Amino acid sequence: MQTWERSSPSRAKIGVLGIPYDASSSHLRGAADAPALIRKALHSDSSNLWTENGTDLGAADLLADAGDLAFKSDQSVLDEIEQGVSSILKAGLSPLCLGGDHSVTFPIIKAMSTRYPDLTILHFDAHPDLYDEFNGDRYSHACPFARIMEADLATRLVQIGIRTMNGHQREQADRFGVEVIEMKDWNDEFLVTPDRPVYISFDMDCLDPAFAPGISHWEPGGFSTRQVLHVIQSLHAPLIGADIVEYNPRVETPITGMVAAKVLKEIAAKMLEAHDKHGH
Ligand code: MN
Ligand code: MN
């Protein structure tokens, strides 16, 4: 992966942005350490940079690394994330953001929605993250999709992997018209096939903790790695941006970093299919 400065703008199509922020995590800190470790896993000698559809992300020089955001102050975190994503869009690249806890998705989508006003968000998560507030914090990692939907930043929100629904979040889902597909109802034939641009928000805890234990909230009964790769690979819609969040390297096991890197590669492959048609 080339650095932001060195990459050739004519060839690079995806801008990778690290967002090392975990102060809105309600249970454990640690997700801020993830971006560096996902990069390390991506470039690990134990694998290669080819995606399963036959694209060499390394040789083709398709990823430009914008580095990690260095926050100036706690008060301006949301604005700084939004600006970071906007600068990637302005450079003509499709943003692929590495969290961080899930609170980062609200400012990311603020930036995305100015470019793509009719966004469909495909949200992978064990949790709906629809709380109006959590422990007094409206910007908690338990709340981003409530903020996104009440600000009308997405036309459609489709949630998959969900297995922690409760009364309050069910009311919120109904209020915002969220399409929740709970894990108990999962069918591998699931397809999202809208014409409009799709953004993927990928919370690592959508996976069963047996596959990716390095997360802050272990919620058994989730996806296998192959199941989520299948959903990504079978997406029949232009994928114009994504985030991979909630990997917590402080919890344990480098395997989770390898899973995050695998998901990154397959998301990148799908984003490349859309970039020439929908990128700028
Ligand atoms: Mn989440
Ligand atoms: Mn989650």
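**View 1. The largest nonpolar core, which has 48 residues.** In this predicted model, Leu122 and Ile200 are the residues with the most contacts inside that core. Helix H7 (residues 255-278) gives the most to this core, contributing nine residues. Apart from it lies another core, of 39 residues, which includes Leu89, Ile108, Ile121 and Leu153.

**View 2. Surroundings of leucine 122.** Neighbours within four places in sequence are left aside here; among the remaining contacts of leucine 122 are Val158, Ile160, Phe190, Val192 and Val198. Tyr199, Ile200, Ser201, Val231 and Leu235 are also in contact with leucine 122.

**View 3. Protein donors of the manganese ion (ligand 2).** Asp125 (OD), His127 (ND1), Asp203 (OD), Asp205 (OD) and Asp205 (OD) are the donors, at 2.1 to 2.5 Å from the ion. Along the chain, the donors of this manganese ion follow the spacing D-x1-H-x75-D-x1-D. Distant parts of the chain are linked by the pair histidine 127 and aspartate 203, which are 76 residues apart. Histidine 127 is in the loop between strand E5 (120-124) and helix H4 (144-150), whereas aspartate 203 is in strand E8 (residues 198-203).

**View 4. The two manganese ions, ligand 2 and ligand 1.** The ions are 3.3 Å apart. Aspartate 125 coordinates both.

**View 5. Accessibility of histidine 127 and aspartate 203.** Histidine 127 counts as buried because its relative accessibility is 15%, and the cut-off for buried is under 20%. Aspartate 203 has a relative accessible area of 2% and is therefore buried as well.

Technical notes:
Residues numbered from 1 in each chain as written. Chains lettered and ligands numbered in written order. Predicted model: local features only at pLDDT ≥ 70, side-chain atom pairs only at ≥ 80, totals over all residues. Heavy atoms only, no water. Donors = N, O, S within 2.8 Å, 3.2 Å for Na, K, Ca; no water. Helix = DSSP H or I, 4+ residues; strand = E, 2+ residues; numbered from the N terminus. Buried < 20%, exposed > 50% of the residue type's maximum accessible area, 1.4 Å probe, protein only. Core = buried A, V, L, I, M, F, W, Y, C linked by side-chain atoms within 4.5 Å. Contact = heavy atoms within 4.5 Å.
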